[in-house]
Amino acid sequence: MVHRDVRRICPLCEATCGLLVDLDKDGPVALRPNPDDVFSAGHACAKGLGLAATDRDPDRLRTPMVREGGRLRAATWAEAFAAVARRLPPLVAQDRRAAAVYTGNPAAHHLDHTFYLPAFLGALGTPNLFSPASLDTLPKNLATMLLYGTGLGVALPDLDRTDLVLLLGTNPLVSNGSTVCMPGFGDRLAALRARGGRVVVADPARTRTAEVADLHLPVRPNSDAHLLLGMLSVIAADGSACLGAADGLVDGADEVLGLAAPFTPEVVAPVVGIPPETIRDLARSFAAAERAVAHARIGTCTQGYGSLANWLVEVLNIVTGRLDTPGGAMFAKPPGGGPTTWPGGGKLLTGRWHSRVRGLPESLGELPAACLAEEILTPGEGQVRALVTIAGNPARSVPGSEHVEEALASLDFMLSLDTYLNETTRHADVVLPAPGLLTHGHFDLTLNHFQIRDAARWSPAALDPAPGELPEWHQLARLTGILRGDPDLTVTAFDDEVADQAIRRAAKLARRPEDVVRAAVEPRRGPERLLDLRLRSGPYGDRFGEDPSGLTLAVLEEHPDGIDYGPLRPRLPDVLRTPTGRIDVAPEVLMADVERLRAGLEADAAPDRLVMINRRQRRGMNSWLHNALPHRTDAESALLMHPDDAASRDLVDGDEVVVRSGAGQVTAELRVDDAIRPGVVSLPHGWGHDGGGLRMRRATASPGTNVNALADDLVVEPLTGIAIFSGITVEVEAHDHATVPAAAR
Ligand SMILES: Nc1nc2c(c(=O)[nH]1)N[C@H]1C(S)=C(S)[C@@H](COP(=O)(O)OP(=O)(O)OC[C@H]3O[C@@H](n4cnc5c(=O)[nH]c(N)nc54)[C@H](O)[C@@H]3O)O[C@H]1N2
Ligand SMILES: Nc1nc2c(c(=O)[nH]1)N[C@H]1C(S)=C(S)[C@@H](COP(=O)(O)OP(=O)(O)OC[C@H]3O[C@@H](n4cnc5c(=O)[nH]c(N)nc54)[C@H](O)[C@@H]3O)O[C@H]1N2
Ligand code: SF4
Ligand SMILES: [Mo]
């Protein structure tokens, strides 16, 4: 044993729990929750506590891999970079659009990527950038951007001080929460109830979270916008709207209430599948509660009315006076700074360019991942022929897996930075392995925007990279050099170049001379220098010596359990980055989309379709923990179906069934369960470890069902292009009644 009780923030999910790690020279050996962490106070889950198994997984890649004679073989770093240098630059020399980049979820938790990816992307110069944002959050980002001015500055549910929380399309007792960093979500819900508050959950499934709620609304998939319009129409009719702390800053409240007025509970109830009286009562108790807040996540995003639903959640909070009030929806003040603390903004980062094939709009600098396959497969000028994937698994996380894998297999060159040979990286020509977990520091710069209390926590690296391991930012340095035709670009020169820019920026933010700033962060290098720059020029920063009591990385090093800046404080109007500096609660593009919803009312109420939704599981993290953490695949990746739907199809629990959609078909084990509402079935996301060429022995031994073979890459939410995972029409029948091609299994 080398060390005990090393502090480490879990990099897996948005709860960002503080862990205590025992480690030896090869990595973590055992992990415990850190009771003294100022933010997570002893919370953690099986995934975080299983990080030793993940890091020590014998299947985790330890060397680069290079394709030779059609097969991937272990290679040296020199061989791997030489292969990239030979093949990638010529492909992009003629047309930069020939390259695309897909950056996956773990990259958002990783400082190396936060800090150094922009330089790499700059060298590549392609507009074809993709990430899970378009599989996850975009409608929320759009609503937030239109109302408050930035995509990241979301209004958070101030759960610890509220009396009534309405949760839509989220199951935090399993997911641990999303677009809100709230460790111990379950305990906080219990505390809310213990102090007399109420928890209401809108979800087609009676999830673990719904089980602990005072009221579960088993809404039909894709009906959240209808439910919210119904609630707003009651508030409009009752005249109970009030703007509270946002009064004087909000435009368009009357317009939006006027627009909602005709959508009475009686009008929307047939779509929502909830009695009108329940909708009316909920609207009234929400409006009347002393403190209340609505919070919506992925179930409301990855659906046909995702932008409307996410906008209307903000509208509900705003017109009931919840915005920027304790116990309502509040903004974080991120210690590392960000769009809501920096000057500027006021620009709408959407629709600035469009995808080549389908013409879908860019959002926040990215194109919808649902177009990735067609951008590769469709010939013509600007066709994508080279792909770089970084910490992502689009072959399982993007809809239309069959198209995606066909596309990956057809590329002229593919490079992946990852920890596994998975369903995506098996197609790569070069795979570069990530080093062990404890070899790099951790600070949640992006997730700071979602923290339920303002806090700063830093986990320094605890181990040197093992022989043969290369920090990811060193990998990005080498790749950037290759793309610039400067293969000798040193890591030091690359780092200095990135730091030069960051120093200029930090000097401006802190209003200090550049040489003072530069000297203040000496002798740090790498991500730590860049982080120090962000902290010291951030809202709690020491402004490079001007405020000796202010935050620096050195101060954080002296506080291994973190620094707590307390509960969220009101930030209006200073937090706004809209062009007017005000909140237009009735943006034209969203107001106009209500007409689409109105036109669809009758069709959306039709009861005769079976539709599918997705779910998450406690022991998985999207597609990539199944190899390291023990699981029971069959039960976990089963298709949930209501007893009435099973009976009408002559199906019983445990049957093997075929599930068919317009996009594909899969087999799954059936679980008959009244926790799901009639007319709806649910499959989990992240499974389907099949198809050969994988190095994930435990995962491939029980591959589970790939839900994204059923999701259609050609059907997206129109305003953002986000993929649709909720409300997919499916047919289900017994396996022995169906003819299933072996490839679909
Ligand atoms: N254990 C575990 N934790 C995770 C992850 C994981 O894979 N495993 N993934 C992480 C990631 S990347 C994210 S983004 C977060 C997501 O965190 P959450 O947003 O909490 O995601 P889910 O747990 O999938 O919960 C979504 C819920 O929406 C419901 N739903 C589906 N369609 C609809 C609909 O149309 N309307 C409504 N109202 N509800 C609907 C589903 O039944 C489901 O219960 O979780 C993170 N945490
Ligand atoms: N049908 C359906 N599809 C979905 C969803 C859904 O609910 N339903 N959810 C969507 C959501 S919310 C998300 S966020 C996406 C996730 O989509 P992705 O980000 O594409 O997929 P992950 O499964 O998170 O894969 C992450 C990869 O990163 C690797 N990795 C882990 N740590 C590191 C590291 O430090 N460095 C590097 N280089 N690699 C690392 C892992 O081995 C894994 O291969 O899936 C989306 N797709
Ligand atoms: S809840 Fe999330 S952050 Fe906390 S230990 Fe589990 S995976 Fe890690
Ligand atoms: Mo996600």
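**Notes on the ligand surroundings**

1. The shell around ligand 3 is made up of seven nonpolar, three polar and one charged residue, where Ala, Val, Leu, Ile, Met, Phe, Trp, Tyr, Cys and Pro count as nonpolar, Asp, Glu, Lys and Arg as charged, and the others, Gly among them, as polar. Among the residues around ligand 3 are Cys10, Cys13, Cys17, Cys45, Lys47 and Asn176, a residue being near a molecule if one of its heavy atoms lies within 4 Å of it.

2. This is a predicted model, in which local features need pLDDT of at least 70 and side-chain atom pairs count only at pLDDT 80 or more, whereas totals for chains, interfaces and linings use all residues. Residues are numbered from 1 along each chain as its sequence is written, chains are lettered from A and ligands numbered from 1 in the order in which they are written, and side-chain values use heavy atoms, with hydrogens and water left out.

3. Around ligand 2 there are 30 residues, of which Tyr102, Thr419, Glu472, Asn614 and Ser623 come nearest. By class, this shell of ligand 2 holds 13 nonpolar, 13 polar and four charged residues.

4. A nitrogen atom of ligand 2 lies 2.6 Å from a side-chain N or O atom of Glu472, and for Asn614 the corresponding distance to a nitrogen atom of ligand 2 is 2.6 Å. The protein covers 96% of the 920 Å² of accessible area that ligand 2 has on its own, as given by the Shrake-Rupley method with a 1.4 Å probe.

5. Ligand 2 lies between domain 2 (66-152 + 350-444 + 458-488) and domain 4 (608-744), because both give residues to its shell; the domain bounds come from an automatic or database domain assignment.

How values were computed
Polar contact = N/O pair within 3.5 Å; in protein donor to acceptor, adjacent residues only side chain to side chain.
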